[in-house]
Amino acid sequence: MLSLITFENCYFSKIEKDSLNETKGAFYQSQFGGEYLIIKNSLFENINIDTETPLIYGSYLELEILNTTFSNCYSNYGYLINLYKNIYMRPIKIVNTSFINTCTIFNGNSNTFEITGSSFRNITLKNSLPAIIDSVYSDINISNTEFIDLNITSSLFNNQSKNIFLDNITFKNINTNSKALLKFEYNNFYINNLKVDNIKCNGDIRYSSLILINSVEKKYNIHIKGLSITNSISNGPFIVIMGEAVEFILEDSNIHNVKSYGPIIDIISNDVILYIL
């Protein structure tokens, strides 16, 4: 039986953790499972944890965050929320929530994320950590969400996530120095209605792209529908397809007023089936 813990209409600021305390989460920790944490209609702001401790730590923790804002929140750990082994439980749900001026949000492994109606804004990161979710062997499902005013040196998600589904997403005013803003090497993914405006991929010449697909050792089925790219610049091709075997479908998409070093789509693969519809 789950223990239900709810924080509603709460305000949190200036949370710290004593360096001598062995607590794994500065705000909340769950080490042994059996807990269901709900945070709703709340505000976390002006938090700078100077120890290597996340704000929330959970192993087998079930988590929902609803109608909540995290503003100016950082941890020397590099992540706000650290979660493990959630994939066989209910998804981690983030609904109508804003992350403004924060470090990387999620870290862990074997999780299922469902993010909807949310926003990630004004995030500047100078480290090499994925900017939003760094969780290996995880499923990521994001819908009706915007990523605006990001200045980062990495991709948005860990390239060892299992499956990534993006539906009705906006990328706007983003600068990145990574090889790709979206990098898919060990995962299947599906994109539906992705609007990209004023994106600058400023990494190494020929090796900085919006989307990098590498099928590595197995065949991947990639479907992108409703992709719109406008007013953007890339130091490499906007879309790179490489690896062993890929079936790639690009449907109902529009690319306008862009500059790239090389072709818009660059195929470097031994076996590609390409459909542009």
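**Figure 1. Pairing of β12 and β15 in the predicted model.** Strand β12 (residues 104–109) pairs with β15 in the parallel sense, over four bridges. This structure is a predicted model. One of the residue pairs can be named: Gly-108 has Ser-135, in β15, as its bridge partner. β15 spans residues 133–136 and stands at an edge of its sheet.

**Figure 2. The open sheet of five strands.** The strands follow the order β3-β6-β9-β12-β15, and their pairing is parallel. At the edges stand β3 (28–30) and β15 (133–136); each has a single partner strand, so one side of each is left without a neighbour in the sheet. On average, and with direction ignored, neighbouring strands of this sheet are turned by 10° against each other. In a regular strand, side chains alternate between the two faces of the sheet.

**Figure 3. Strand β9 and its two partners.** β9 covers residues 79–84. How is β9 paired with β6 and with β12? With β6 (residues 56–59), the pairing is in the parallel sense over four bridges. Gly-58 stands opposite Leu-83 of β9. With β12, the pairing is again parallel, over five bridges. Here the bridge partner of Asn-82 is Asn-107, in β12. Is β9 largely enclosed or left open by the rest of the structure? Five of the six residues of β9 are buried, so the strand is largely enclosed by the rest of the structure. A residue counts as buried when its relative accessible area is under 20%.

**Figure 4. Asn-122 in strand β14.** Asn-122 is not a glycine, yet its phi is positive, at about 50°. This residue belongs to strand β14, which runs over residues 119–124. With a relative accessible area of 38%, Asn-122 is partly exposed.

**Figure 5. Asn-144 in strand β16.** Asn-144 also is not a glycine and has a positive phi of about 50°. Its place is in strand β16, residues 139–152. The relative accessible area of Asn-144 is 43%, and the residue is therefore partly exposed.

**Figure 6. The largest pocket.** Rolling a probe the size of a water molecule over the atoms shows where empty space is left. The largest pocket holds about 300 Å³ of space. It is lined by 16 residues, and those closest to its centre are Arg-206, Tyr-207, Leu-212, Val-240 and Met-242. Which strands each supply at least two residues of the lining? They are β20 (209–214), β22 (239–251) and β24 (265–276). The largest share, three residues, comes from β20. By class, the lining has eight nonpolar, three polar and five charged residues.

**Figure 7. The second largest pocket.** About 170 Å³ of space lies in the second largest pocket. Its lining is made up of 13 residues. Which of these lie nearest the centre of the pocket? They are Ser-128, Ser-154, Ser-155, Ser-178 and Lys-183. Sorted by class, the lining of this pocket has four nonpolar, seven polar and two charged residues.

Note on methods. Residues are numbered from 1 along each chain as its sequence is written. This is a predicted model: local features need pLDDT of at least 70, side-chain atom pairs count only at pLDDT 80 or more; totals for chains, interfaces and linings use all residues. Side-chain values use heavy atoms; hydrogens and water are left out. On a 1 Å grid over the protein atoms alone, a cavity is a set of points where a 1.4 Å probe fits but cannot get out, and a pocket is an open set with protein on both sides within 12 Å along at least five of seven lines; lining residues have an atom within 4 Å of a point. Grid points are joined across faces, edges and corners, and a volume is the space filled by probe spheres set on the points. Ala, Val, Leu, Ile, Met, Phe, Trp, Tyr, Cys and Pro count as nonpolar, Asp, Glu, Lys and Arg as charged, and the others, Gly among them, as polar. Buried means under 20% relative accessible area, exposed over 50%, partly exposed in between (1.4 Å probe, protein chains only). Two strands pair if DSSP finds at least two bridges between them. Axes are lines fitted to C-alpha atoms, for helices over the stretch in contact, and angles run from 0 to 180 degrees between N-to-C directions.
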